[in-house]
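Welcome! Take a moment to look over the sequence and the structure below before reading on.

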Amino acid sequence: MLKSLARPTFVFAVLTVLASATSPSFAQTAPKPIPPKMATPSTGEEASSMDQKKACDAKWRTEKERSKSTGFKAYFTFMSRCM
């Protein structure tokens, strides 16, 4: 029983040593840059949509005062029509 387990264990150990000797270690590899998840406000389309949202927010304040609308549903309905 031990002989049948000894050979695969030895082969696994040798392959592990050879693989670790040929591949670069964790300390030797350069870290990959992390891509940005959010766009910066200085990019083209995102900046214009941000400005558009600010303009719609200002319109919402005046609409809310005029019509006495409140709540998320009224806000999102207005914003969907505005943008």
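Here is a short tour, from the overall fold to the core and then the surface.

This is a predicted model, in which local features need pLDDT of at least 70, side-chain atom pairs count only at pLDDT 80 or more, and totals for chains, interfaces and linings use all residues. Residues are numbered from 1 along each chain as its sequence is written, and side-chain values use heavy atoms, leaving out hydrogens and water.

**Overall fold**

The protein chain has three helices and zero strands, giving the pattern α-α-α along the sequence. Helices (H or I, at least four residues) and strands (E, at least two) are DSSP runs, numbered from the N terminus. Of the 83 residues, 8% are buried; buried means under 20% relative accessible area, exposed over 50%, and partly exposed in between (1.4 Å probe, protein chains only). The chain exposes about 7700 Å², with carbon and sulfur atoms supplying 67% of that area. Such areas come from the Shrake-Rupley method with a 1.4 Å probe, and for residues only the protein chains shown count as cover.

**The core**

Which residues make up the largest nonpolar core? The five are C56, W60, Y75, F78 and M79. A nonpolar core is a set of buried Ala, Val, Leu, Ile, Met, Phe, Trp, Tyr and Cys residues joined through side-chain atoms within 4.5 Å. Two or more residues come from each of α2 (44–67) and α3, and α3 gives the most, with three.

In α3 (residues 72–82), Y75, F78 and M79 are buried. Seen down the helix axis, the buried residues of α3 fall within an arc of 95°, so they line one face; the arc is that of the directions from the helix axis to the C-beta atoms. The face turned away from that buried side carries the exposed residues K73, F76, S80 and R81.

D57, in helix α2, counts as buried because its relative accessibility is 17%. The table lists contacts (heavy atoms within 4.5 Å), leaving aside neighbours within four places in sequence.

| Residue | In contact with |
|---|---|
| M79 | K53, C56 and D57 |
| D57 | Y75 and M79 |

**A surface patch**

F10 belongs to helix α1 (residues 2–22). Is F10 buried or exposed? F10 is exposed, because its relative accessible area is 58%. Together with V11, V14 and L15, F10 forms a nonpolar patch on the surface, with about 370 Å² of accessible area in total.

Note on methods
Patch = residues over 30% accessible without salt bridge, like charges linked within 9 Å, V, L, I, M, F, W, Y side chains within 5 Å. Salt bridge = Lys/Arg side-chain N within 4 Å of Asp/Glu carboxyl O.
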